[in-house]
Amino acid sequence: MRRYGKHTDEDDIRSRPNRKGNRPRTHIRPKHEDAAEGMVLTVDRGRLTCLVDDRTVMAMKARELGRKAAVVGDRVALVGDLSGKKDTLARIVRIEQRGSLLRRTADDDDPYERVVVANADQLAIVTALADPEPRPRLIDRCLVAAFDGGLEPLLVMTKSDLAPPDKLLELYGDLDIPYVVTSREELENGDAADRVRAHLDGKITAFVGHSGVGKTTLVNALVPEERRRVTGHVNAVTGRGRHTTTSALALPLTAAEGWVVDTPGVRSFGLAHIDPSRVIHAFPDLEPGTEGCPRACSHDEPDCALDTWVEEGHADPARLYSLRRLLATRERTEGD
């Protein structure tokens, strides 16, 4: 039944008043076309530090964004006081579309997905060659997350003065991942920072690694004027490091264009959010061979067409082994 006639005007429409005021409720939200563009540098207890032009601005998320959270690396639109002066607060009213997303879960059974960083171009996986010992399964998991999130991986091996990198390089050589080997002496004299910086120029790079591998020390060498206030140590009993970075932080790269995102040390890297079918995209030499695979092929079963593809000489068998090792990562713990 038509409640109003054909020629109704706005005076004929009954609006429901807001209980807390006289303005009628509305689902129309302002477009904020004049909002300023910014980049989220760090997040701390609901307050977000953003870079707007050449100044840092403290902001909070607008209520209209609902549960959508902004993370380090996000490109955002801000309104309000953008002066960056002490005790001022702007509002983030829009989060722009993300180009990449690094995510993890606490473990493979945890349904809660944690976003580490947005819009990064590269993931630098930092691992010590000794003290603490390398954890290849954790490296594998970081690689899967990088491939899934659209980030290029970079392997950074520290403490080469304590152990040679040969074994680890042999393990990852077939993946064609760029790498840098560093020592404590090279970090102190700046040589290591220069070699790592050559891989970071013009990119936003997120650094991940478990505690004690020297990740924050490396970031300090790359961005000396932004040194983190504390450095950690490795527990002599457990062999584990103490967390020195408690929140992700984006820092402008010194002597080059680009950004470094220092992230908290991780003890595990869950992949509950990863669809294994997307990992194959990181192997363009193998992907054409999947056309003959049965539906929902895991690429690690008797009928997988990749075996024939490799036997016919279209790809290196070591590449197929590497793919299957990464796909199996979800079914193993990092300590295996």
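Mentor: This is a predicted model. Start with helix α7. Its buried residues are A318, R319, L320, S322, L323, R324, R325, L326 and L327. That makes nine of the eleven residues in 317–327, so the helix is mostly covered. What does the covering? Now look at the start of α7. There, D316 places a side-chain oxygen within 2.9 Å of the backbone nitrogen of A318.

Next, the largest pocket. Its volume is about 540 Å³. The lining has 22 residues, and V71, R114, V115, V116 and A248 are the closest to the centre. Strand β7 (residues 113–118) gives the largest share of that lining, with four residues. By type, the lining holds 13 nonpolar, four polar and five charged residues.

A248 leads on to T42. A polar side-chain atom of T42 lies 2.8 Å from the backbone oxygen of A248. T42 sits in strand β1, which covers residues 36–44. Is T42 buried or exposed? T42 counts as buried because its relative accessibility is 15%, and the cut-off for buried is under 20%. Beyond its neighbours within four places in sequence, T42 touches R47, L48, T49, V72, S247, A248 and L249.

How values were computed: Residues numbered from 1 in each chain as written. Predicted model: local features only at pLDDT ≥ 70, side-chain atom pairs only at ≥ 80, totals over all residues. Heavy atoms only, no water. Buried < 20%, exposed > 50% of the residue type's maximum accessible area, 1.4 Å probe, protein only. Helix = DSSP H or I, 4+ residues; strand = E, 2+ residues; numbered from the N terminus. Polar contact = N/O pair within 3.5 Å; in protein donor to acceptor, adjacent residues only side chain to side chain. Contact = heavy atoms within 4.5 Å. 1 Å grid on protein atoms, 1.4 Å probe; cavity = no way out; pocket = protein on both sides within 12 Å on 5 of 7 lines; lining within 4 Å. Points joined across faces, edges and corners; volume = space filled by probe spheres on them. Nonpolar A, V, L, I, M, F, W, Y, C, P; charged D, E, K, R; others polar.
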